Amino acid sequence: DGEVHINELKNGSTEMFWNPTSEVRRQRLKRHIVLFEEQTDFESERLWQHVTSAINKGDQHKATQEKFVLEEEQRNAARERRESGTEWKPLLFQHDAGTNEWHYKYEDLRPWDPLNDIAQFEKDGILQTMERHLSTRMSNHKATCINNQITRHKRSAKDCRRRKTSDQPSNHSQNTESSCSTPESVQELSDDDGKYLDVTGLCAQCGKEMNHLKEIHSAVLSLQKAQQDIHR
């Protein structure tokens, strides 16, 4: 939050390196912190609360004692797991045996897309990105469902043509589930042959995510309206 200078030891000159002006402060992102009473026992703010309190009071001796208590509890817990043969399984991190490093399971290293990405947030330790459009994962999943429908539709049409060209008399045809019948009206989604597909038949996951996206879109519109009111 303060100015940072570069001091040249050879000639004693000083150069301004960083100056957090009021304009810079205004552009900062708002910091959101989970309420203390909603934090679990192992979240940093709650876990280190007594150490933090001692530091803020300038009591270095008390801070050291509290830190020792925490570390000793962790050592005892590790010893008990080792003796009982219990494997420690982190919820949010995984170990890379190649580099001997721990990595966050849900890290998102892709570049920020200002045209599609709305906000990034953490819920229950999992990093998530709110997007304007369908994510690539969901788009691919939906495309797979639609392609399956196209295949079934073409196979049905092929069987229908085969039956029509057979020697079976037409009066033997019945309107059963396996017979050819005029498809019901569906949403305007077609394949390369111009045949319409029933996109309402997508799998449950697609339908659930579509409903979720509608809720997010509605919430975003509400937030945008609130921001406009605030600006006015």
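The following is a short exchange about a predicted model and the terms used to describe it.

Reader: What counts in this predicted model?

Author: Local features need pLDDT of at least 70, side-chain atom pairs count only at pLDDT 80 or more, and totals for chains, interfaces and linings use all residues. Residues are numbered from 1 along each chain as its sequence is written, and side-chain values use heavy atoms, with hydrogens and water left out.

Reader: How many helices and strands does the chain have, and what makes a run of residues a helix or a strand?

Author: The chain has six helices and six strands. Both are DSSP runs, numbered from the N terminus: helices are H or I with at least four residues, strands are E with at least two. Starting at the N terminus, the order is β-β-α-α-α-α-β-β-β-β-α-α.

Reader: Why is the contact of Lys62 and Glu66 called a salt bridge?

Author: The term asks for a side-chain nitrogen of Lys or Arg within 4 Å of a carboxyl oxygen of Asp or Glu. For Lys62 and Glu66 the N to O distance is 3.0 Å. That is within 4 Å, so the pair qualifies. Side chains of opposite charge can pair when their charged atoms come close. Lys62 and Glu66 are four residues apart in helix 4 (residues 60–84), so about one helical turn separates them.

Reader: Is Glu66 buried or exposed, and how do you know?

Author: Buried means under 20% relative accessible area, exposed over 50%, and partly exposed in between (1.4 Å probe, protein chains only). Glu66 has 17%, therefore it is buried. Lys62 has 36%, so Lys62 is partly exposed. Of the 232 residues of the chain, 12% count as buried.

Reader: What makes Glu71 and Lys67 a salt bridge?

Author: Their N to O distance is 2.5 Å. Glu71 is partly exposed at 23%. Lys67 is partly exposed at 36%.

Reader: Which residues are linked with Lys67 in a network of salt bridges?

Author: Glu71, Glu72 and Arg75 are linked with Lys67 in that network. A search of the whole structure finds ten salt bridges.

Reader: What does the salt bridge of Glu131 and Arg110 look like?

Author: The N to O distance is 3.3 Å. Glu131 lies in strand 6 (residues 126–131), and Arg110 lies in the loop between strand 4 (101–104) and strand 5 (117–123), so the pair ties together parts that are 21 residues apart in sequence. Glu131 is buried at 17%. Arg110 is partly exposed at 36%.

Reader: Which residues line the largest pocket closest to its centre?

Author: Glu43, Ser44, Leu92, Glu122 and Gly125, out of 37 lining residues. A lining residue has an atom within 4 Å of a point. Helix 2 (44–47), helix 4 and strand 5 each give two or more residues. Helix 4 gives the largest share, five residues.

Reader: How many lining residues of the largest pocket are nonpolar, and what makes a residue nonpolar?

Author: The lining has 19 nonpolar, seven polar and eleven charged residues. Ala, Val, Leu, Ile, Met, Phe, Trp, Tyr, Cys and Pro count as nonpolar, Asp, Glu, Lys and Arg as charged, and the others, Gly among them, as polar.

Reader: What makes Val4, Ile6, Phe17 and Trp18 a nonpolar surface patch?

Author: Patch residues have over 30% relative accessible area and no salt bridge, and nonpolar side chains (Val, Leu, Ile, Met, Phe, Trp, Tyr) are joined within 5 Å. Phe17 has 58%, so Phe17 passes the area test and counts as exposed. Phe17 is found in strand 2. The patch covers about 390 Å², an area from the Shrake-Rupley method with a 1.4 Å probe. Strand 1 (4–7) and strand 2 (14–18) each supply at least two of its residues.

Methods:
On a 1 Å grid over the protein atoms alone, a cavity is a set of points where a 1.4 Å probe fits but cannot get out, and a pocket is an open set with protein on both sides within 12 Å along at least five of seven lines; lining residues have an atom within 4 Å of a point. Patches are made of residues with over 30% relative accessible area and no salt bridge: like charges are joined within 9 Å, nonpolar side chains (Val, Leu, Ile, Met, Phe, Trp, Tyr) within 5 Å.
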